[in-house]
Amino acid sequence: MVAFVKGMTVYDPQQYWNTFFTPGLLSRFMKGERLPDIDINTVASQMPRVEITSPGPYFATEKETVAVTVKASPGGNGLGKIFLYHNGCPLEEESRSLKVQSTGGLKVFTVELLPGENRFVGAAFDRSGKAEGRSAEALVVCTPKDLRKPDLYVLSIGVSNYKERNIRLKSPVSDSVAIGEAMKTLSRDLYRNIDVKVLTDEGASRAGILNGIRSIIARAKKADTVILFLAGHGDVEKDEYYYIPYDADITDVEKTALSLKELGREMKGLNANRVALFLDTCKSGSAVKDLGRFALMERGYDEIKRIAGFARERGIAVLSAASESQKAYEVKELRHGIFTYSMLEVLGKHKKGIATDKRVTISKLIDAVDAKTRETSLKYMPVEQRPIRYTFGDNFTVDLVE
């Protein structure tokens with residue numbers, strides 16, 4: 001419901017993301033921080049002009065693919081990458097389900113359709129990659145003759161007993177195992193197959209994690225759902241967020257850990273259009289302290305910015321354990337981190353309460369885990385732990401309940 005407006009032109013705020021995105025904007029403003037003013041004209045004049053020339057605004061088909069033609073012409077700063085959004089998810093040309101033909105400012109995307117509504121928006125960056133022009137939406141409704149249930153792929157990762165002994169944690173292994181078990185209980189009426197793989201400690205080496213991700217990429221189809229859960233240490237080096245695998249050298253995180261940038265490169269080949277990432281991670285090294293009942297886990301603005309950027313670039317839903325300048329906690333009585341405990345409670349006891357027409361969507365799940373994390377943290381501590389969330393792409397169904 002938020003937009004920038006210039007004259008009769010309405011701009012989606014995401015078109016200004018690469019220039020103006022500021023983590024923790026509201027909380028920083030409320031604390032009295034003076035943030036620089038913005039001028040949308042500096043970006044609007046640079047945006048390429050984009051239109052979808054085929055198909056028209058509405059198109060119905062029984063076929064499993066459609067050719068979408070995107071035409072782009074330069075704004076005030078030339079023409080960069082031309083691409084296509086499918087149900088809010090930017091399509092990667094490396095995806096096995098996409099074929100692309102390009103001639104100058106014209107691109108034809110042959111796209112694998114999802115059953116039901118397929119919303120397409122053409123887009124293009126200027127030469128700098130900061131100003132994004134967008135087309136009007138084209139709606140393609142697909143009613144396939146043969147309709148199969150989607151598959152669910154879950155990769156749940158947790159490292160407690162790191163090879164580096166002085167950064168060991170209490171709960172990530174039990175967190176990842178419990179999340180894996182909870183995912184196995186999701187509705188068989190919704191999914192044809194539920195494939196859950198859990199990697200812990202030595203199994204969650206850098207190579208082991210990449211192999212697990214590549215296995216899903218090789219098998220997942222367009223309509224399938226993919227859920228990634230990571231528990232353990234995270235770190236930020238040179239403005240890049242890293243997940244710390246079992247065998248990482250914390251004195252050389254850039255070479256031995258797994259960055260979101262690398263994860264993003266791997267996921268370019270992923271066909272699935274319904275993807276969610278849950279992060280229950282914390283700062284490695286001396287920032288982790290034993291407080292008796294709790295172990296605190298710190299994060300900052302750089303981490304938040306990288307996580308948000310990753311969610312937008314991949315067009316996925318991301319929920320992370322705590323907000324900027326906050327701490328995520330393990331609570332010994334719960335035998336889990338507060339975030340994971342809350343997620344398990346929602347998946348176990350509270351699904352009916354968040355379902356609409358018997359469907360639990362990813363946005364409803366994230367809402368509920370967010371609220372439960374805040375509630376649980378206040379129950380056990382004098383501070384509220386506030387997760388961060390970024391949801392892009394389709395608001396897909398995660399579970400069905402009776």
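Reader: On what basis are the residues numbered and the values computed?

Author: Residues are numbered from 1 along each chain as its sequence is written. This is a predicted model in which local features need pLDDT of at least 70, side-chain atom pairs count only at pLDDT 80 or more, and totals for chains, interfaces and linings use all residues, while side-chain values use heavy atoms, with hydrogens and water left out.

Reader: Why are helix 5 and helix 7 called roughly parallel to each other?

Author: Helices (H or I, at least four residues) and strands (E, at least two) are DSSP runs, numbered from the N terminus. Axes are lines fitted to C-alpha atoms, for helices over the stretch in contact, and angles run from 0 to 180 degrees between N-to-C directions. The axes of helix 5 (residues 206–219) and helix 7 (residues 260–267) cross at roughly 30° and come within 10 Å. Angles under 35 degrees count as roughly parallel, over 145 as roughly antiparallel, 65 to 115 as roughly perpendicular and the rest as oblique. Helix 5 and helix 7 are therefore roughly parallel.

Reader: Which residues of helix 5 and helix 7 meet?

Author: Contact means heavy atoms within 4.5 Å. Arg206, Leu210, Ile213, Arg214 and Ile217 of helix 5 meet Glu262, Leu263, Glu266 and Met267 of helix 7. By class, this contact has 5 nonpolar, no polar and 4 charged residues; Ala, Val, Leu, Ile, Met, Phe, Trp, Tyr, Cys and Pro count as nonpolar, Asp, Glu, Lys and Arg as charged, and the others, Gly among them, as polar.

Reader: Why is helix 9 called oblique to helix 11?

Author: Helix 9 (residues 338–348) and helix 11 (residues 362–380) pack with their axes 8 Å apart, at an angle of about 125°. That angle makes helix 9 oblique to helix 11. The contact includes Phe339, Tyr341 and Met343 of helix 9 and Leu365, Ala368 and Val369 of helix 11. Its residues divide into 9 nonpolar, 4 polar and 2 charged.

Reader: Which residues touch the most other members of the largest nonpolar core?

Author: A nonpolar core is a set of buried Ala, Val, Leu, Ile, Met, Phe, Trp, Tyr and Cys residues joined through side-chain atoms within 4.5 Å. In the largest one, of 45 residues, Val226 and Leu270 touch the most other members. Among the elements that each supply at least two residues of this core are strand 12 (152–158), strand 14 (225–237) and helix 8 (301–314). Helix 5 gives the largest share, 5 residues. Apart from neighbours within four places in sequence, Val226 is in contact with residues including Tyr153, Ile216, Leu270 and Val275.

Reader: How do you know that Leu279 is buried?

Author: The relative accessible area of Leu279 is 1%, and this residue therefore counts as buried. Leu279 is found in strand 17. Its contacts, leaving aside neighbours within four places in sequence, include Leu230, Tyr241, Ile307 and Phe339. The C-alpha atoms of Leu279 and Ala231 are separated by 6.2 Å, although the two residues are 48 residues apart along the chain.

Reader: Is Asn87 buried or exposed, and where is Asn87 found?

Author: With a relative accessible area of 2%, Asn87 is buried. Asn87 is found in the loop between strand 6 (82–86) and strand 7 (89–90). The phi of Asn87 is near 50°, a positive value in a residue other than glycine. Most residues other than glycine have a negative phi, and most peptide bonds are trans.

Reader: Why does Arg335 count as exposed?

Author: The relative accessibility of Arg335 is 67%, and Arg335 therefore counts as exposed. Arg335 lies in the loop between strand 21 (327–331) and strand 22 (336–337). The phi of Arg335 is positive, near 60°.

Reader: Which peptide bond is cis?

Author: The bond from Ser54 to Pro55 is cis, with omega near -5°. Pro55 has its place in the loop between strand 3 (49–54) and strand 4 (58–61).

Key: Buried means under 20% relative accessible area, exposed over 50%, partly exposed in between (1.4 Å probe, protein chains only).
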